[in-house]
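I'd like to walk you through one model, so let's bring it up on the screen.

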Amino acid sequence: MAQPVFLSSLRSRLCSAPPSPHHHLQPSRGYHVELGAREKALLEEDVALKRFKSYKNSVKQVSKIGNVLTLAVVFGCSYELGVLAASMK
């Protein structure tokens, strides 16, 4: 009887050789490599995009306004549901 493909792949993963005994001596990160010209150009500040930069304080303020509006809508909906339920009695 032929065995399903997933069983054979599972068996091969389970029976694979354990890592080398000196595995912990190998660095987990690669060696540092200097950035090329293209990478440096991409990381430089672009003057054309500077006017579109978002500022932290204004983003926080817009977020707070959005949170307040969301809460107002939730409270309004729950109030309307309460009034509707009370009128049904």
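Let me start with the surface. The protein chain exposes about 9300 Å², and carbon and sulfur atoms supply 65% of that area. How much of the protein chain is buried? Buried residues make up 0% of its 89 residues.

Now, a word on confidence, since this is a predicted model. The average pLDDT over the protein chain is 80, and 66% of the residues score at least 70. Which elements mark the two ends of that scale? Helix α1, residues 5-14, has the lowest mean pLDDT among the elements, at 66, while helix α3, residues 56-88, has the highest, at 94.

On to the fold itself. You can count three helices and zero strands, and from the N terminus the order reads α-α-α.

Next, the annotation. The unreviewed UniProt entry places a "transmembrane region" at residues 65-86. In the model, that span is 100% helix and 0% strand, and its end C-alpha atoms sit 31 Å apart.

Take Val-74, which lies in helix α3. Why is Val-74 called partly exposed rather than buried or exposed? Because its relative accessible area is 46%, which falls between the 20% cut-off for buried and the 50% cut-off for exposed.

That's my tour, friends. I'm happy to go back to any part of it.

How values were computed:
Residues are numbered from 1 along each chain as its sequence is written. This is a predicted model: local features need pLDDT of at least 70, side-chain atom pairs count only at pLDDT 80 or more; totals for chains, interfaces and linings use all residues. Side-chain values use heavy atoms; hydrogens and water are left out. pLDDT is the predictor's confidence in each residue, from 0 to 100. Helices (H or I, at least four residues) and strands (E, at least two) are DSSP runs, numbered from the N terminus. Buried means under 20% relative accessible area, exposed over 50%, partly exposed in between (1.4 Å probe, protein chains only). Accessible areas come from the Shrake-Rupley method with a 1.4 Å probe; for residues, only the protein chains shown count as cover. UniProt positions are given in the numbering used here, feature names are shortened, and annotations may be inferred rather than shown by experiment.
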